[in-house]
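Please view the model alongside the text.

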Amino acid sequence: MTKLRVCIFGAGHIAEVHLKALLKSTQDVEVIGICDIDAPKAGALCAKYAIPYVNRSSDDLLSLRPDLVNICTPPSVHAQLAIRALRAGSNVLVEKPLCASLAELDLIQRTERETGRFCATVLQKRYSSSVNHIRGLLQSEKLGRPLVAVCNTLWYRAPEYYNVDWRGKWSTELGGPTVGHGIHAMDQLIYMLGDWRLVRATAKTVDRNIEVEDVSVAIIEFANGCVATVINSIVSPREETYIRIDTQRGTVEQRGLYEVANSDWKFTAAASEDAAAFCQDCELPAEISGNHQVLIDAVLENVKSGERPKTSGEEAVKTADLLSSIYKSAFCGLPILRGTIKPGDAYYYKYHGGSTPARII
């Protein structure tokens, strides 16, 4: 079978993560080049891994008609590069966040329809075997109805983290921990619990000297009646990612940091339940971690099969709409129903609607 030809836009740390995953892929892949506005940086990465180097121009790489383009640049140019790659005939995988707004996402999806190609984003926890197992139990209500949930991304980014020019600014990073960090756990939560219905939120800058928020807190109501609290932070010295869902039959918890392992889960039966039977129902399958390797292998398989990845299409809309709704609720002081941010609304054109968070510092 002909090798899948892949190129990478960007040559920073996350680009190297993608490159390593591509080179280790179970699919038959050829990485044909890497480009970056910093041509020496791209050249050094190509030399390190013996990748054919074209030059700093993304147009030159696109003219080679790669099967897949991996976009690993700063967030503000994700959408425009994705659209150019789609129009050049390539499928696209974009690092999170996929785009800067619901308006950009609509344009990406219109281009997908016009070209017959797909654009997916990196929300790798959807590929974890344990996440998918628990999702199946929750959606079938085998554990009873989900009632209440907690979703915390309590991370720490030192002030020096924001010395990188594009970080901490609405125009280039697109948001704070809501968009750039907590998006992973929040996406996992809505993937497991299903359609969300309404959000109430607050977002503030409590410590870092940045434009964007460094903390956001939200209450999310789901169509199935479950209510969740969500915290996204980059000012929490003891770092942790924590998801807890209480159902009629018991509690499922996942505590870790970046990836999801079987050992991260804990199951506790309600006092009225048979604890052994509850834990047996929750018993996890063989571990497949939700990481870049698993996601990239799956997306490459999607390129071959022509199937749409699970982090694209309407699934991408659910997550993007949540981001806009959290900011609109936080900055307007209103509960926001899913699907109500439409063209003409400032929060349709920018996640943060052009507003800024309250500053405590």
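## Cavity

A search of the whole structure finds one cavity of 30 Å³ or more. A cavity here is a set of points, on a 1 Å grid over the protein atoms alone, where a 1.4 Å probe fits but cannot get out. The model is predicted: local features need pLDDT of at least 70, side-chain atom pairs count only at pLDDT 80 or more, and totals for chains, interfaces and linings use all residues. Residues are numbered from 1 along each chain as its sequence is written, and side-chain values use heavy atoms, with hydrogens and water left out.

The largest cavity has a volume of about 100 Å³. Volume is the space filled by probe spheres set on the points, with grid points joined across faces, edges and corners. Its lining residues (an atom within 4 Å of a point) include Lys-96, Thr-121, Ile-183 and Tyr-351. Helix H11 (residues 313–332) gives the most to this lining, with four residues. Helices are DSSP runs of H or I with at least four residues, strands are runs of E with at least two, and both are numbered from the N terminus. By class, the cavity lining has nine nonpolar, two polar and one charged residues. Nonpolar covers Ala, Val, Leu, Ile, Met, Phe, Trp, Tyr, Cys and Pro; charged covers Asp, Glu, Lys and Arg; the others, Gly among them, are polar.

## Pocket

The largest pocket has a volume of about 1400 Å³. A pocket is an open set with protein on both sides within 12 Å along at least five of seven lines. Its lining has 50 residues, of which Ile-14, Cys-72, Thr-73, Glu-95 and Trp-166 lie nearest its centre. Helix H1 (13–23) gives the most, with six residues. By class, 20 lining residues are nonpolar, 16 polar and 14 charged.

## Helix pair

Helix H4 (residues 78–87) packs against helix H5 (residues 102–115) at about 5°, with axes 9 Å apart. Axes are lines fitted to C-alpha atoms, for helices over the stretch in contact, and angles run from 0 to 180 degrees between N-to-C directions. H4 is therefore roughly parallel to H5 (angles under 35 degrees). Contact (heavy atoms within 4.5 Å) involves Ile-83 and Leu-86 of H4, among others, and residues including Leu-107 and Ile-108 of H5.

## Sheet

Five strands form an open sheet in the order S2-S1-S3-S4-S5, with parallel pairing. Strands pair if DSSP finds at least two bridges between them. Strands S2 (29–35) and S5 (119–121) are the edges. The twist averages 20° from one strand to the next.

Methods: Parallel < 35°, antiparallel > 145°, perpendicular 65-115°, else oblique.
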